[in-house]
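Colleague: Please show me the model first. Then we can go through its spaces and its rings.

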Amino acid sequence: MSAFELPLSSSVPLVDRFGRIHNNLRISVTDRCNLRCTYCMPEDVQFLDRDELLSFEEIQKFVAAVQPLGVNKIRLTGGEPLLRRELPSLIRLLLQIPGIHDLGLSTNGLLLAGQAQSLRAAGLKRLNISLDTLDESRFEQVTRRKGLSQVLEGIQAAREAGYESIKINAVSIRGLTELDAIPLARYARENQLELRFIEYMPIGADHWEREKVFFASEILELLESEFGPISPARNYDPRSPAMDFEYADGGGRIGIIASVSRPFCRNCNRIRLTAEGKFRNCLFALDEVDVKSILRSQQDTHRLQEIIIESVRQKWEGHEINTARFVKPQRTMHAIGG
């Protein structure tokens with residue numbers, strides 16, 4: 001038996017009470033970030049000490065435990081994951097695990113120009129890069145830092161490195177998106193990139209104002225006014241959080257994650273591991289399970305699997321953002337993992 005072969009039957013899926021099967025794992029490798037985006041984190045924040053973070057070997061151990069339960073898709077996140085040293089080593093460790101065939105990474109792009117080649121060489125194939133605006137002043141307004149030119153250099157470096165998929169993620173905020181959607185779409189069309197808009201969600205440090213959400217329907221109307229008809233993509237995956245569309249003129253595709261106006265909870269297949277080893281069955285979960293103590297002990301891997309299976313089974317029906325019952329998580333996005 002190899003290091004990654006577990007005696008537990010691989011037929012045991014991570015399924016909850018509503019029949020949703022979970023195969024998509026988000027792993028945060030750090031809570032640190034070199035931006036301070038208003039919709040994500042506070043300006044002043046106390047970061048975790050390095051020894052509180054899971055080691056790469058502990059992350060590999062966790063993934064090796066959940067892969068036989070059906071997990072085959074992983075995304076590395078943060079904070080800003082490129083701040084974690086030797087990240088290509090983690091990518092190689094994860095790709096050694098049989099059954100992990102889809103590994104991506106989300107980044108703000110600031111450090112990407114210097115790392116795009118090494119990450120690609122390690123086996124990374126997919127990137128999601130955050131970019132809300134092409135205007136320098138609005139970039140600083142949202143991120144509370146400078147760096148737009150660095151992000152654009154990082155995107156170009158990624159294109160040159162030959163990634164199979166590069167997606168640009170823009171948070172859709174009223175007062176910004178009306179100004180930035182068309183320039184971003186034009187930039188994506190000209191550079192063969194897939195642009196995705198994400199409706200502004202109540203997960204940041206600031207008080208959430210629903211009236212700031214620029215809705216999916218408004219985005220589509222705005223883009224069609226400039227680029228002509230947009231239709232649902234032919235190979236759209238209904239389990240994906242993004243609704244995918246294609247330009248009728250052949251200018252590529254866009255995605256819209258309508259977390260507020262069209263929640264995708266009923267098709268959710270995601271689970272999360274925070275940088276310090278907390279397992280979360282939902283982005284908006286109000287509780288979480290400590291798995292670091294198990295990963296750092298000699299306990300049988302089956303105990304870890306049992307905890308994960310039970311947590312997924314107890315997952316709630318949805319986040320209830322659109323009801324009076326919604327409770328905002330205490331953790332902000334940078335501490336959970338994007």
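Colleague: Which element gives the largest share of the lining of the second largest cavity?

Modeller: A cavity is a set of points, on a 1 Å grid over the protein atoms alone, where a 1.4 Å probe fits but cannot get out; lining residues have an atom within 4 Å of a point. Helices (H or I, at least four residues) and strands (E, at least two) are DSSP runs, numbered from the N terminus. In this predicted model, the largest share of that lining is four residues, from α6.

Colleague: What pLDDT must side-chain atom pairs have to count?

Modeller: Residues are numbered from 1 along each chain as its sequence is written, and side-chain values use heavy atoms, without hydrogens and water. The model is predicted, so totals for chains, interfaces and linings use all residues, local features need pLDDT of at least 70, and side-chain atom pairs need pLDDT 80 or more.

Colleague: Which elements give two or more residues to the lining of the second largest cavity?

Modeller: The lining includes D132, A170, V171, L176, T177 and D180. Elements with two or more of the lining residues are β5 and α6 (177-190).

Colleague: How much space lies in the second largest cavity?

Modeller: The count is two cavities of 30 Å³ or more. A volume is the space filled by probe spheres set on the points, which are joined across faces, edges and corners. For the second largest cavity this gives about 50 Å³.

Colleague: Which residues lie nearest the centre of the largest pocket?

Modeller: A pocket is an open set of points with protein on both sides within 12 Å along at least five of seven lines. The largest pocket has a volume of about 480 Å³. Its lining holds 25 residues, and nearest the centre are K73, R126, K167, D237 and S240.

Colleague: How many charged residues are in the lining of the largest pocket?

Modeller: Asp, Glu, Lys and Arg count as charged; Ala, Val, Leu, Ile, Met, Phe, Trp, Tyr, Cys and Pro as nonpolar; the others, Gly among them, as polar. The lining has three nonpolar and nine polar residues, and the charged count is 13.

Colleague: How many nonpolar residues line the second largest pocket?

Modeller: That pocket holds about 240 Å³ of space. T38, Y39, I173, Y200 and K212 lie nearest its centre. Its lining has five polar and five charged residues, while the nonpolar count is nine.

Colleague: How many residues apart in sequence are the parts that F62 and F279 tie together?

Modeller: Rings of Phe, Tyr and Trp (its six-membered ring) pair if their centres lie within 6.5 Å; planes under 30 degrees apart are stacked, over 60 edge-to-face, the rest tilted. The search finds two aromatic pairs. F62 and F279 make a tilted one, 6.3 Å centre to centre with 40 degrees between the planes. F62 is in helix α1 and F279 in strand β11, so the parts tied together are 217 residues apart.

Colleague: Are F227 and Y247 buried or exposed?

Modeller: F227 and Y247 form an edge-to-face pair, 5.7 Å centre to centre, 70 degrees between the planes. Buried is under 20% relative accessible area, exposed over 50%, partly exposed in between (1.4 Å probe, protein chains only). Both F227 and Y247 are buried.

Colleague: How far from the centre of the Y247 ring is the charged end of R189?

Modeller: A charge sits over a ring if NZ of Lys or CZ of Arg is within 6 Å of the ring centre and within 35 degrees of the ring normal. R120 sits over the ring of Y163, 5.9 Å from its centre. For R189 over the ring of Y247, the distance is 4.5 Å.
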